[in-house]
Amino acid sequence: MATVYGYARVSSRDQNLNRQLDALGAYGVGSANIYADHASDRPRYRELLNVLGDGDVLVVLSIDRLGRNYSEILEEWRRITKELGVAIVVLDMPLLDTRARASGAPDVTNTLIA
């Protein structure tokens with residue numbers, strides 16, 4: 001059965017995660033399945049990658065939570081969707097929702113991202 005996970009990140013300790021955490025909670029991600037980082041080395045993100053499995057869903061508020069620059073975001077998107085078989089939902093960009101591919105619809109989102 002698919003599990004829904006959330007990821008939130010801020011670049012420094014003095015920034016606040018609350019807006020991201022509130023959005024993930026409002027979407028329905030359980031607090032036990034939310035991984036959050038306060039630093040650029042992203043230890044909780046690496047933990048999350050180890051628990052994600054085929055058919056799971058990863059929810060982020062913004063696509064830039066997946067990486068620090070364009071290349072890293074693209075690489076993480078590919079890894080998560082292609083290698084891990086995990087759907088991604090980007091809350092502030094509803095077009096970036098790869099769950100449609102599970103219903104047999106064409107994978108337009110991944111094509112656009114690439």
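Mentor: Residues are numbered from 1 along each chain as its sequence is written. This is a predicted model, in which local features need pLDDT of at least 70 and side-chain atom pairs count only at pLDDT 80 or more, while totals for chains, interfaces and linings use all residues; side-chain values use heavy atoms, with hydrogens and water left out.

Trainee: What makes up the secondary structure of the protein chain?

Mentor: The protein chain has four helices and four strands. Their order from the N terminus is β-α-β-α-β-α-β-α. Helices (H or I, at least four residues) and strands (E, at least two) are DSSP runs, numbered from the N terminus.

Trainee: Why is Gln-20 called buried?

Mentor: Buried means under 20% relative accessible area, exposed means over 50%, and partly exposed is in between (1.4 Å probe, protein chains only). Gln-20 has a relative accessible area of 7%, so Gln-20 is buried. Gln-20 is found in helix 1. Not counting residues up to four places away in sequence, Gln-20 touches Ala-8, Arg-9, Val-10, Leu-61 and Arg-65. Contact here means heavy atoms within 4.5 Å.

Trainee: Is Asn-50 buried or exposed, and what makes it so?

Mentor: The relative accessible area of Asn-50 is 68%, so Asn-50 is exposed. Asn-50 lies in helix 2. Over the protein chain of 114 residues, 41% count as buried.

Trainee: How do you know that strand 1 and strand 3 pair?

Mentor: Two strands pair if DSSP finds at least two bridges between them. Strand 1 and strand 3 have four bridges, in the parallel sense. One of the partners is Val-59 in strand 3, which is bridged to Gly-6.

Trainee: Which residues of strand 2 stand opposite Gly-6 and Tyr-7?

Mentor: Ile-34 stands opposite Gly-6, and Tyr-35 stands opposite Tyr-7. Strand 1 and strand 2 (residues 34–37) pair in the parallel sense over four bridges. Five of the six residues of strand 1 are buried.

Trainee: What makes the unit of strand 1, helix 1 and strand 2 right-handed?

Mentor: A crossover is right-handed if, with the strands pointing away from the viewer, the path from the first strand over the helix to the second runs clockwise. Strand 1, helix 1 (residues 18–27) and strand 2 form a β-α-β unit of that hand.

Trainee: How many bridges do strand 3 and strand 4 have?

Mentor: Strand 3 and strand 4 pair in the parallel sense over four bridges, and Val-59 stands opposite Val-89 in strand 4. The chain passes from strand 3 through helix 3 to strand 4 in a right-handed β-α-β crossover.

Trainee: How do you know that both faces of strand 4 are covered?

Mentor: Ala-87 and Val-89 on one side and Ile-88 and Val-90 on the other are all buried. In a regular strand the side chains alternate between the two faces of the sheet.

Trainee: What makes a set of residues a nonpolar core?

Mentor: A nonpolar core is a set of buried Ala, Val, Leu, Ile, Met, Phe, Trp, Tyr and Cys residues joined through side-chain atoms within 4.5 Å. The largest one has 18 residues, of which Leu-58, Leu-66 and Ile-80 touch the most other members. Strand 1 (4–9), helix 2 (43–51), strand 3 (57–60), helix 3 (70–83) and strand 4 (87–90) each give two or more residues to this core. Apart from it lies another core of 10 residues, among them Val-10, Leu-24, Ile-34 and Val-89.

Trainee: Why is the pair of Tyr-5 and Tyr-35 called tilted?

Mentor: Rings of Phe, Tyr and Trp (its six-membered ring) pair if their centres lie within 6.5 Å; planes under 30 degrees apart count as stacked, over 60 as edge-to-face and the rest as tilted. The whole structure has two aromatic pairs. In the pair of Tyr-5 and Tyr-35 the centres are 6.3 Å apart and the planes are at 55°, so the pair is tilted. Tyr-5 lies in strand 1 and Tyr-35 in strand 2, so the pair ties together parts that are 30 residues apart in sequence. Both Tyr-5 and Tyr-35 are buried.
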